[in-house]
Amino acid sequence: MKKAIYILLITIVVLSCKNEVHVIDYAIISGKIEEGSSKQIIVSNSLSRKVLDTISVNVDGTFNDTIKLKKGYYNLKYGRGKVPMYLETGYNLNITANAKFLDSTLTITGNGSAENHFLKERKNKVKAFNGSENFYMLDEINFTQKLNEEKEIQNKLLASNKTISANFKSAQQRDIEYNHLSALANYENYHRYYAKEPDFNVSKEFLDPLKNVNYNHEEDYSSFKAYKVLVAKYYREKAKQLSDAENIPEDVARVQTYAAVASNTMKTDLLNSAIFGITITKDLNDYYNAFKTGATDQDQLKKVEDYYSKLKLIQVGEPSPKFEGYENFAGGTTSLDDLKGKYIYIDVWATWCGPCLAQIPALKEMEKAYHGKNIQFVSISVDKPKDYKKWKLMIKDKELGGVQLLADKNFDSEFIKDYVIKGIPKFILLDPEGKIVNTNAPRPSEEELKTLFDSLNI
């Protein structure tokens, strides 16, 4: 009897093992890179750019690794080259390429190669159709015709493919449509810019296709760039409507609008794009309260609370944070206390910053217009040590005026951190006693700056 029971138990265990389902939660990436010097391949999400994994590359260029992931679109970066890929759990891909000609020599085989071949073919078809033509230069009728032709080419390619999975094909259909709609949504502003027609407006029915879009598709938001652009634009427009209806600042209305989004994933991402807005808002308390009330992500809340506590210390009328011993292009060093006695208009910039350089002509004009008056123009560069010579050469070549200073630790300088500067150019106005007049002063190119100066009898 005991022996029979023992045999029965063994049988149950064996059967249980046979019925166990093993779920694969990873993809296998292997292959070889010829003529390369990098020792790793970096795998990152194509939308968030978040690094997912790092694959080690052997001396002979071979590599083999398993990567835990969710299905989606990724970039495999090797040296300066980048390979866009679609990955799913269960994929087993072999990649070979020459590092010097990564794009043209790339080959992909194995389970999942069909989907990735389609992506490459789709990209090449669109590129060949577009050529060097800028569709946004076209009038509305011709733009629509070209856009429809581009969409048809992609859909025909998709329909003719018999090797990709049904789920992937369905997702690609949506992505093609999102790219089409995104181009429609952007046409008005892009045409104004490229065709130099600032007063151009699309016809009333032009944007009708956008009315049928589902703006709450969480999976597509995490997968497709074009859909993400559409959603962001949609909620910015809703925020503008809220701002007009409720007579509240548009940046505050944007936070309130994002906070009301049903999908927590989408809400968190949209609010993430608004975090740095607290550093430049003119309505600090309202902005902070809107964020604190609507956000649910604890990391976001902690970051915003940290910014808020620092920004409260640099309100109008408060003594400005100080800098000491910054290198002066004219020779020696300069501290903020050395500049007291006049209003101080501070421009925080860098040689690599395009928008900063765009302000230089207007800044020089302002310096000329207010020369000899009760104001000093001070430019503080946040260039890194590697750009030191470039900083000195640019000041000389562009004949920059005012007091030209170099921050001691670029963006890690205490003065920069005290002002919570997260983007440049940044303009700050202080009074003759070194107290804050405006932490987000108008740019030199804006008429509001002259109005501000005049109101202070500068």
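This is a predicted model: local features need pLDDT of at least 70, side-chain atom pairs count only at pLDDT 80 or more; totals for chains, interfaces and linings use all residues.

Reply: Happy to. The phi of V420 is near 50 degrees, a positive value in a residue that is not glycine. Most residues other than glycine have a negative phi, and most peptide bonds are trans. V420 counts as buried because its relative accessibility is 3%, below the 20% cut-off for that class.

The loop between α15 (414-418) and β14 also holds P425. The peptide bond from I424 to P425 is cis, with an omega near 5 degrees.

Now to the strand itself. β14 covers residues 426-430, and five of the five are buried, so the strand is largely enclosed by the rest of the structure. In a regular strand the side chains alternate between the two faces of the sheet. Both faces of β14 are covered: on one side K426, I428 and L430 are buried, and on the other F427 and L429 are buried too. Note that K426 is among the buried residues.

What does β14 pair with? One partner is β11 (residues 343-349), which runs antiparallel to β14 and is joined to it by five bridges. Within this pairing, I428 of β14 is the bridge partner of I346. Another partner is β15 (residues 436-438), again antiparallel, with two bridges. Here L430 stands opposite I436. β14 and β15 form a hairpin with five residues between the strands, and in that hairpin G434 takes a positive phi near 85 degrees.

The buried residues of α16 (residues 447-455) are L449, L452 and F453. They lie on the same side of α16, because they cover an arc of only 95 degrees around the axis. An α-helix has 3.6 residues a turn, so residues three or four places apart point the same way. The other side of α16 has E447, T451 and S455, which are exposed. The buried residues of α16 are covered by elements that include β14 and β15, along with β11, α13 (360-369) and β12 (375-381).

After α16 comes N457, which has a positive phi of about 55 degrees although it is not a glycine. With a relative accessibility of 69%, N457 counts as exposed, whereas V420, with its own positive phi, is buried.

Finally, β14 and β15 also take part in a pocket. The second largest pocket holds about 920 Å³ of space. The elements that give two or more residues to its lining are α8 (250-259), α10 (284-294), β14 and β15. The largest share, five residues, comes from α8. In total, 37 residues line this pocket, and T279, I280, T281, K282 and N440 lie nearest its centre. By class, the lining has 17 nonpolar, ten polar and ten charged residues.

Technical notes: Residues are numbered from 1 along each chain as its sequence is written. Side-chain values use heavy atoms; hydrogens and water are left out. Buried means under 20% relative accessible area, exposed over 50%, partly exposed in between (1.4 Å probe, protein chains only). Helices (H or I, at least four residues) and strands (E, at least two) are DSSP runs, numbered from the N terminus. Two strands pair if DSSP finds at least two bridges between them. On a 1 Å grid over the protein atoms alone, a cavity is a set of points where a 1.4 Å probe fits but cannot get out, and a pocket is an open set with protein on both sides within 12 Å along at least five of seven lines; lining residues have an atom within 4 Å of a point. Grid points are joined across faces, edges and corners, and a volume is the space filled by probe spheres set on the points. Ala, Val, Leu, Ile, Met, Phe, Trp, Tyr, Cys and Pro count as nonpolar, Asp, Glu, Lys and Arg as charged, and the others, Gly among them, as polar. The arc is that of the directions from the helix axis to the C-beta atoms. Contact means heavy atoms within 4.5 Å.
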